[in-house]
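Subject: A structure for you, with notes

Hi,

Here is the structure I promised to pass on. Have a look first, and then read on for what I found in it.

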Amino acid sequence: MSSPSKTPTSWHIHMPIKTLLRYGDKRLGEIVTHPKGVDGARAELRQMRAEGREFLVCDSNCNKRKPDGSCAGHPVENEDA
Ligand SMILES: [Zn+2]
């Protein structure tokens, strides 16, 4: 029995910064947490866009990102279910 050499990949959830900036205080506050509140979060999101990033990964554990800020995908090595 031969298994296909296809590596399963998982991605962290990432959202377009453009979309996040359109959200109201309540909704944005549910997605991102910032010591200075939603206004601080918006300032940081605008700064990220100024640096050329278009996406925010909603998981600080993500250590592999594309230049645009989105998750580049992580190979799933073992499924320890
Ligand atoms: Zn990731």
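Let me begin with S70, which sits in the loop between β3 and β4 (74-75).

Residue numbers start from 1 along each chain as its sequence is written. The model is predicted, so local features need pLDDT of at least 70 and side-chain atom pairs count only at pLDDT 80 or more, while totals for chains, interfaces and linings use all residues.

Back to S70: is S70 buried, exposed or partly exposed? S70 counts as partly exposed because it has 19 C-beta neighbours inside 10 Å. The scale is this: 20 or more other C-beta atoms within 10 Å of a residue's own make it buried, 12 or fewer make it exposed, and anything in between is partly exposed, with C-beta atoms placed from the backbone. Leaving out residues up to four places away in sequence, S70 touches H14, F55, V57 and R65; a contact means that two C-beta atoms, placed from the backbone, lie within 7 Å. S70 and L56 are 14 residues apart along the chain, and their C-alpha atoms are separated by 6.2 Å.

Now the overall picture. The chain has 3 helices and 4 strands, in the order β-β-α-α-α-β-β from the N terminus. Of its 81 residues, 7% are buried. Among contacts between residues at least 6 apart in sequence, 54% join residues at least 24 apart. As for pLDDT, the predictor's confidence in each residue from 0 to 100, the chain has a mean of 90, and 89% of its residues reach 70 or more.

Helix α3 (residues 37-50) passes a simple geometry check: its 14 residues should span 20 Å at 1.5 Å a residue, and its end C-alpha atoms are 20 Å apart, which agrees. The expected span is 1.5 Å times one less than the number of residues. Just after α3, G52 takes a positive phi of about 95°.

Which residues make up the largest nonpolar core? They are I17, A41, L45, L56 and V57, 5 residues in all. The elements giving two or more residues to this core are α3 and β3 (55-57). Such a core is a set of buried Ala, Val, Leu, Ile, Met, Phe, Trp, Tyr and Cys residues joined through C-beta atoms within 7 Å. Beyond its neighbours within four places in sequence, A41 is in contact with L28, V32 and H34. V38 is also in helix α3, and V38 touches D25, L28 and G29, not counting residues up to four places away.

R53, in the loop between α3 and β3, is partly exposed with 17 C-beta neighbours inside 10 Å. R53 touches I17, M48, D68 and G69, residues up to four places away not counted; from R53 to I17 is 8.1 Å, C-alpha to C-alpha, across 36 residues of sequence. H12 and C71 are 59 residues apart in sequence, but 5.9 Å apart in space, C-alpha to C-alpha.

Best wishes
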